[in-house]
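Let's take a walk through this assembly together, starting with its chains and ending with a pair of helices.

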Amino acid sequence: MQEQLRILAGKMLADGRAARVLGWKRTDFETAPEPSFFTAQDDLSELVYNKYCAANLSGFMIGAGKRDGVTVVFLKPCDTYSFNQLVKEHQIDRAKAYVVGVSCGGNAKVEEMEDVGWLERCLVCTKHDHVVYDELVLDESLSRPEAQDRFGGVTRLEGLQSLERYEFWQGELSTCIRCNACRNVCPACNCKKCVFDSAKYDTAAKANVTTFEEQLFHIIRAYHVAGRCTDCGECARVCPQDIKLQLLNRKIIKDINELYGEFQAGQDTETLGPLTAFNADTDAEPSIVHTRG
Amino acid sequence: MLGRTDLPNRLRVISGAKDKDCMKCGKCSASCPSYEKMDIRPHQFVSYLQRGDVDAMMNSTTVWACLCCYACIERCPRDVKPAQIIEAARLMLIRRQGDTPYVSADDIPELLDPDTPQQLLVSALRKYTK
Amino acid sequence: MYKVSATQLTDVLNTLAGTMDVFLPIRKDGQTNFGLYAEGVQADFDTLKTVKPPKEFFLPQSESLYKGVVDGKDIHIEPAAFADRPFVVFGMRGCDVLGMEILDKVYLGEPVDRFYEARRGHGCVVALACGRPASTCFCKPFGVDASDPQADVTAWLCGQYLYLEPVTERGRQLTHKLEPFLQDADAEDVAEYRQEIRERLEALPYNNLSLDALKDADMLEVFNSPVWDSVCDACIACGTCSYVCPTCQCYDIKDYNTGDGAIRYRTWDSCMYSDFTLMAHGNPRKTQKERFRQRFMHKLVYHPSTAGGQLSCVGCGRCVNKCPSSLNIVKIMKSLGVS
Amino acid sequence: MQITGEQTFTPLITAFCCNWCSYAGADLAGTSRLAYPAEVRIIKVPCSCRINPLFVLRAFQKGADGVIICGCHPGDCHYIMGNYYARRRMTLLFSLLDFMGIERGRTHLEWVSAAEGAKFAATMSGFAENIHKLGKNRRLEDLRCKSS
Amino acid sequence: MKRVGVFVCHCGTNIAAAVDVGEVVDKARLERGVVFSAEYPYMCSEAGQTMIANAVKEHNLTGVVVSACSPRMHEVTFRKAAAKIGLNPYMLEMANIREQCSWIHKDKDDATKKAVSLTSAAVAKVHLNTPLFAGESPVTKRALVIGGGIAGISVALDVADAGYDVDIVESTPGIGGRMAQLDKTFPTLDCSACILTPKMVDAATHDNITLHTYSEVESVEGFVGDFTVTIRKKARSVDMKKCTGCGACYDKCPAKKAPSEFEEGLSNRKAIYIPFAQAVPNVPVIDREQCIKFKTGKCGLCETVCAPGAIDFEQQDELVTQKYGAVIVATGFRPIELGKFGEYAPESKDVLTSLEFERITNAAGPTKGALVRLSDGRKPKSITFIQCVGSRDTTPRGKAYCSKICCMYTAKHAMLVKDKYPDIDVNVYYIDVRSPGKNFDEFYRRAAEEYGVNYIKGQVGKVVDMGDHLVLQAADMLDNRQITARTDMIVLATAIEPLKSTKPIASMLTASIDTNGFMTEAHPKLKPVESPTAGVFLAGACHGPKDIPETVAQAGAAAAKVLGLLSKSKLTTNPCVAAADELACNGCSACESVCPYGAIGYEDRQINDHGVRGNQRLAAVNTALCQGCGACAVTCPSGAMDLLGFSNRQILAEVDALCR
């Protein structure tokens, strides 16, 4: 597959159809390829594709769309949802992207450059098909890790007592170093001025001075992408402290699915998101929080 | 134990009836096939409950005359459920009666009328016992 | 040199904790960070690198400087107290110890930072030799000997013993407290272990980087290098590299409205952030390229130019390990000619 | 000390009311002299859809023990559909807070029309009583604000 | 920093009895930026306002806080006073220490503490207030009336008579509406057609009125003073300019099987037809579903007989776009479907709705005015009227409201029957007789007393059609007996509901409807003819059940409101509108998707963010459309959208102050 991608990229650059190719580049460590723009055919020998190419390249397309010419981008099935969502939000110029859908058999979790199993997101993956592409490069031989219940973690937490949940989150969030990697890697977090960087609202604390700051940051981070989060799992992947950030996002997704009907952000570029729509007759009252589980 | 004054509320709980919603249109009594056999008529049952006279309801012939056809419930424009009030009054009566049923299985052959449909018999057994 | 049986480690820690705060590596949910020791806490000396460097005990991620309390239309200033409680950071690695040296140059040089000074004055560092250095390590080029880290006390966890070698007076005071558990030992006892470590280091990919190319680098030439144009393409502008770096030293000063006044506090900052050194007219470094360049210019050019050639990197490899986009300082150094 | 503290605990409650229904309902409660606890402090917003989740979190941060949101009944929104948006937003927010272990009773939403002065007073009294039972907000507090 | 003045009102003893006003004044003085703080017994009085004015001048105040009653009461008063002395009115805030404090809290300490807190929140907010200015928008001097019944005709005539252009859009082929179907009207029993037809002709011939019959509103854009409406003129298949109304076409038309809408389906009409003899306009329309030419391609008889050549089988729907300053909704009502009321045997030919009965008694109706049973043509010996069929019914099959007109038209029907056929036995089953209009009760009593109509208090539980007669079972509530009676004809006073088209029209206009589907008024007492959406007015039964006099009265009131609007040359707009920060907006369109008023659009613009220049898709708020709800401000992921007057910072400042 890697070779097919190199050939495809080479052709696109050679015949001038593309100004650049966005893919993953070889580094000193096999387990740590780097997202990179290729503009010269000669550099394409550095283009790699393997199970360590975990980075979702959709977010880089926001910037790429502002540059001249077409950018070829390689997207795994789950990445295409982010791409679609960004097109829907007018953040990516679809006309300036040539989307090459690539097969994915799951991405590896890497610790100290060692392969230590699968990324959590790949164990619960539901996004097996590309929802947007100009061309597909598929490898049918790739098999995915055995699927687990996507909402299992959320359900387990929901089953706990309120105080237990509180303590669980205190434990998780107290390790947060506020590096903002979860925010910055998130394709949906594309505000020009993040509320946590803005001096306008007394919200820019930069680091956790009290437990409240940790809670505030993570509540707002998760809520801010409510209805827009495709569950691409990048936030949890990049967290240097391995905080189970996906649980917050998935809780919201689970609520949306249960209360307002199944919704997958990025499935298409037209459907109104669940927070910009409503159903006057069937929407639950907030008090449902008291009666559920 | 509930005191005597709580009887109306107990009746409301058992019946699930909304006596306060009644606007006295009379549609229940207009719909009732057993009307002539009742000393207190379906619409009056609602009024009796409104003023809390449960004893009178329990001692009425109505509780035995009601066929539970539920026509009054079907047609009531305010969803008051008169038949359920009658039913509840009868239940309270039966419960007060305790273990001595109004009719025992042994009495039945005596009372049997060859024209009585089977269903009515079954319904009567249910009606006359707890 | 002393040794203490590994089985008595808990007693050693409990004894220390009786007179001072003890910070040591603790593992939680697969990640290890320095944390406060208390009875029952299991220390993790196996993990090589904590996620967060131990610099936070001398330069906390956030600390209050003073508080302004409003009383009607008057404001009273209440300065924050300086650290006055002794503590020990137990199990710092050689790279992190060197990191403290670099911080000292900044915070203890004129003008002296009194908050930092107070913490430095009350803190003792027990450095631990790296039994299993990782593939991302490259401390040797910076002069660190991972097999013999120099701090107040040097320690080796070797075989069934913890070996302790007090280096400074403060270190001697610390080992003095532990006398009941200590047996005498000889430097020879750890020699083999040290040799093992050195051999392991030799096998690492980055162990023999030559930093010569940076030595006589011309500041403007590096600044204007075309390398910067594309090397930051993958940077997502998060602060992971800065916050896991033992030498990153920048902070921001912010005010917090408490309702009855304000707390003025300082908090770690990262030059990767768009609001780093933000001023009314905007950010002086307008693009990510410039912010990215700032970080490496500072570490590799600016700092050495004022610190006798000492680079502001200690080769701990944390950024290599943690960067979400697989960028790191080695990659930058290499693109600037390091081989 | 703590026990006495709990005994004298007066909760602080922030109420966000939409201008057209609930704020008017609060006025009607006043005009009708229907008492509810003085610790309820009302902030007027044009519509329940104006309430940003950040406002709710800020109230807790600054010392509120409970936050209640009031808007026009579904179908009655002065802005046609604002309360429907608010309903979804607040449902998800309350649920997320619950998920993070913040006590369920600390947040509430109630539809109160301009005609429902009595309902407004009863709602506020009931909510205040619940908060009183829950005690001081400890799980979503900002200790920096508790200096004095 | 602003220089803020705080003015605390005693409101006589209304506030002062429960709140230590002096304490509030003293505490306010300690607030940031407060340079003046004072109290007065009645702030809203002339003297109180003067006190504010003097203080503003003397202390150079740039922000004012009045702690007094509800802002809903006096905010306008104080803001006007501020404007008079040259302070922007939006630099004034009120703290509600009466309705939300002194009137409800008995403990003086608690109330005082709360008053201090509310005042400090207002001070915190006013620090962040910015001067706001109302914009202006133009007024198109033309009105659109949707619905050509008596409501629409009345309002159109009133507006047109005042000199403004009015268009009426009517979905059926002719105007007149329900009133045209009626025989007589209560309580005077005068002929409906006699009083309606002249109005219809007036409307059709009025120089300022344009009729769009057989037309529907396709889309509405814009806002008060400046609506742009597209009207779909459905293809009539007859050229209105050429048609002379001779009627030859429908005389000759061989397709006779279409149920007549006007006759409530009691008789048939042709495929080419006019709804009724006096139809305005007197131009037929071809029902393409029924027309043989359209169905098979053969026939075309009408075309052959039409001398002026007006028949046009090729005619297409036409879209007309027009600008209007005001829109009046007058879409009317219809009787509900009776499918779920099986106990009344609604399928029986001799069980009629009241509207069907109107046609039976009408001399121009399907029986030519002969009162006969539709099943066998016999004259009935007994007629039974049943009231409240589906009305006052809270179950899902009914309508919870009183349909209001039934009591009186039933009295009318009963009287008409008795008048013509005194031998017919007339019984009316009722729950309550409601007759509160002028001369209404007298009218009802006349039916009972003079005409001998039997009024029986009680409902009918069951109706059975026995073929040559009907049997009903009912209750007589006053005699406490059950009645089983024979009758020959039953008339059901069927509940009325708004037309199905009301909902789509309301959503096009972004006007609201209630749970029953009726249009909502802006205020039940003080704004009964305005919709909450500015520039949209209501007339007739689209707003709730109404009889003719009430409909005409509301139409007149709506016309007066429309005239008030159209007579203005400019409208001032709400200054508390949304505004996007161009440096934060990333053009994601979230705000656009939640705006109830379609007030947000997008434009590509170059922006300069502290020296970083670039093109950016940006949200742009149409301030004339924006009503200031704030939905966009909350939905905006970037925090770029904010609401002037209720900005994020202002509300957060209030939260901070109140939680202190």
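Predicted model: local features only at pLDDT ≥ 70, side-chain atom pairs only at ≥ 80, totals over all residues.

Other pairs do not touch: no contact joins chain A and chain B, where the closest C-alpha atoms are 22 Å apart, and none joins chain B and chain C, where the closest C-alpha atoms are 52 Å apart.

Now let's turn to chains D and E. Their contact draws 39 residues from chain E and 37 residues from chain D. On the side of chain E that touches chain D, at least two residues come from each of helix H4 (98–102), helix H5 (108–128), helix H18 (631–635) and helix H19 (648–658). H19(E) gives the largest share of that side, seven residues. By class, this side of chain E holds 18 nonpolar, 11 polar and 10 charged residues.

Two packed helices are described by the angle between their axes and the distance between the axes. Helix H3 of chain D (residues 53–61) packs with H19(E) at an angle of about 20°, and their axes are 9 Å apart. Angles under 35 degrees count as roughly parallel, so H3(D) and H19(E) are roughly parallel to each other. Their crossing is right-handed. Where they meet, H3(D) brings Phe55(D), Arg58(D) and Ala59(D), while H19(E) brings Ile651(E), Leu652(E) and Val655(E). This contact of H3(D) with H19(E) has five nonpolar residues, one charged residue and no polar ones.

How values were computed. Residues numbered from 1 in each chain as written. Chains lettered and ligands numbered in written order. Contact = placed C-beta atoms within 7 Å. Helix = DSSP H or I, 4+ residues; strand = E, 2+ residues; numbered from the N terminus. Nonpolar A, V, L, I, M, F, W, Y, C, P; charged D, E, K, R; others polar. Axes fitted to C-alpha atoms, helices over the stretch in contact; angles between N-to-C directions. Parallel < 35°, antiparallel > 145°, perpendicular 65-115°, else oblique. Left-handed = near helix turned anticlockwise from the far one by under 90°.
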